[in-house]
Amino acid sequence: LPLEINAGGVLSYGETLDDQGRYQDKVALPFNAYGTLALMHPESDVNGGAGSFFFLKADPSYTPAGLNNLDGNFATCGYVVRGQGAFDLLQEGGVVYASPDAVVFGGELLQ
């Protein structure tokens, strides 16, 4: 899957904002919340996302939007908005097999 970043209303594909020299642009979906979900990719290939995702479980004060190295380098897909108790139980290496209510809203946009 290609890297897709929306920053300043401009979509870019296949390059990080750092690579484009746009590291100060504000991304539409920043890493500014506990429970941020993003697409993982190999360090050497930003377009190498193959269905692996990661969650941000850090305190957002440690990774403020616009002042961290995650914004513009990984594509944010969404945020945990419900079920935080279950989310809190996830540990490194854990696997989520299924969730009956995985899409809270916007399901009609999925193709």
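Q: Why is Arg22 called buried?
A: Arg22 has a relative accessible area of 16%. Buried means under 20%, exposed means over 50%, and partly exposed lies in between, with a 1.4 Å probe and protein chains only. The value of 16% is under 20%, so Arg22 counts as buried. This is a predicted model, in which local features need pLDDT of at least 70 and side-chain atom pairs count only at pLDDT 80 or more, whereas totals for chains, interfaces and linings use all residues. Residues are numbered from 1 along each chain as its sequence is written, and side-chain values use heavy atoms, with hydrogens and water left out.

Q: Where is Arg22 found, and which residues does Arg22 touch beyond four places in sequence?
A: Arg22 lies in the loop between helix 1 and strand 3. Helices (H or I, at least four residues) and strands (E, at least two) are DSSP runs, numbered from the N terminus. Contact means heavy atoms within 4.5 Å; when residues up to four places away are not counted, Arg22 touches Ala7, Val10, Ser12 and Leu17.

Q: What makes the pairing of the Arg22 and Gln20 side chains a polar contact?
A: A polar contact is a pair of N or O atoms within 3.5 Å; within protein, one must be able to donate a hydrogen and the other to accept it, and residues adjacent in sequence count only if both atoms are side-chain atoms. The side chains of Arg22 and Gln20 meet at 2.9 Å, and those of Ser12 and Gln20 are joined at 3.1 Å. Both distances are within 3.5 Å, so both pass the distance cut-off.

Q: How do you know whether Ser12 is buried or exposed?
A: The relative accessible area of Ser12 is 7%, which means that Ser12 is buried. This residue belongs to strand 2. Leaving aside neighbours within four places in sequence, Ser12 is in contact with Leu3, Glu4, Ile5, Leu17, Gln20 and Arg22.

Q: Why does Gly35 count as buried?
A: Gly35 has a relative accessible area of 0%, so Gly35 falls in the buried class. The residue sits in the loop between helix 1 (17-20) and strand 3. Gly35 and Tyr79 are 44 residues apart in sequence, yet their C-alpha atoms are 5.4 Å apart. Tyr79 is among the residues that Gly35 touches, together with Phe55, Leu56, Gly78, Val80 and Phe87.

**Cores**

Q: What makes up the largest nonpolar core?
A: A nonpolar core is a set of buried Ala, Val, Leu, Ile, Met, Phe, Trp, Tyr and Cys residues joined through side-chain atoms within 4.5 Å. Seven residues form the largest one here: Leu3, Ile5, Ala7, Leu17, Val27, Val46 and Ala75. Apart from this core lies another, of six residues, including Phe31, Phe54, Leu56 and Leu70. In soluble globular proteins, nonpolar side chains tend to be buried together.

Q: What is the strand order of the open sheet of three strands?
A: The order is 4-3-5, and the pairing is antiparallel. Strand 4 (53-56) and strand 5 (76-79) are at the edges because each has a single partner strand, so one side of each has no neighbour in the sheet. From one strand to the next, the twist averages 25°; axes are lines fitted to C-alpha atoms, for helices over the stretch in contact, and angles run from 0 to 180 degrees between N-to-C directions.

Q: How many bridges join strand 3 to strand 4, and how many join strand 3 to strand 5?
A: Strand 3 (residues 36-39) has four bridges to strand 4 and three to strand 5. Ala38 has Phe54 as its bridge partner in strand 4 and stands opposite Thr76 in strand 5. Leu39 stands opposite Phe53 in strand 4.

Notes:
Pairing = 2+ DSSP bridges.
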